[in-house]
Amino acid sequence: MGVLIAFDENGSASGTLYWDDGVSQDTRTTGKYNEFLFTAVTENNQITISILTLNNGLGNMTVPFDTFLIMGLERIPPSSIKVDNVEVDFQNVIYETSTNAMMLVNLGLQLTEYHTIVMTL
């Protein structure tokens, strides 16, 4: 699974992902759903992307988060990229300089865990 991040004019982006079993009714009322908040902020030549679990009513999901497509970057490539404080191998980074887009691939993050991605520009 992947996520698309498109920055606004202030260098920020946010969104939520709602996930239920696709069968049950009234999942919001019963709490049988997972919900995640994604935020991205540009500040002091750094981009920080955070993934926070807002509700975990389905329990841990085994869906890996593999790809982040980041649009509207002012400058690529960044000088460093860290996921959960671990330096990313640049073989897992694809740049498209004509559109100022970057894709992080093969990350294998578990969706129900808290994660941060920090890029130094």
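Leucine 69 stands opposite methionine 103 in β10. In this predicted model, local features need pLDDT of at least 70, side-chain atom pairs count only at pLDDT 80 or more, and totals for chains, interfaces and linings use all residues. Residues are numbered from 1 along each chain as its sequence is written, and side-chain values use heavy atoms, with hydrogens and water left out.

Strand β6 (residues 67–71) pairs with strand β10 (residues 101–104) in the antiparallel sense, over three bridges. Strands here are DSSP runs of E with at least two residues, numbered from the N terminus, and two of them pair if DSSP finds at least two bridges between them. Strands of a sheet pair through backbone hydrogen bonds, either parallel or antiparallel.

The open sheet contains four strands in the order β1-β6-β10-β9, with mixed pairing. Because β1 (2–6) and β9 (93–96) stand at the edges with a single partner strand each, one side of each is left without a neighbour in the sheet.

Most residues other than glycine have a negative phi. Asparagine 85, by contrast, has a positive phi, near 65 degrees. Asparagine 85 lies in the loop between β7 (80–83) and β8 (86–87) and is exposed (over 50% relative accessible area, 1.4 Å probe, protein chains only), at a relative accessible area of 68%.

Asparagine 106 also has a positive phi, of about 55 degrees, although it is not a glycine. Asparagine 106 is placed in the loop between β10 and β11 (109–110), and it is exposed, with a relative accessible area of 58%.

Note on methods: Buried means under 20% relative accessible area, exposed over 50%, partly exposed in between (1.4 Å probe, protein chains only).
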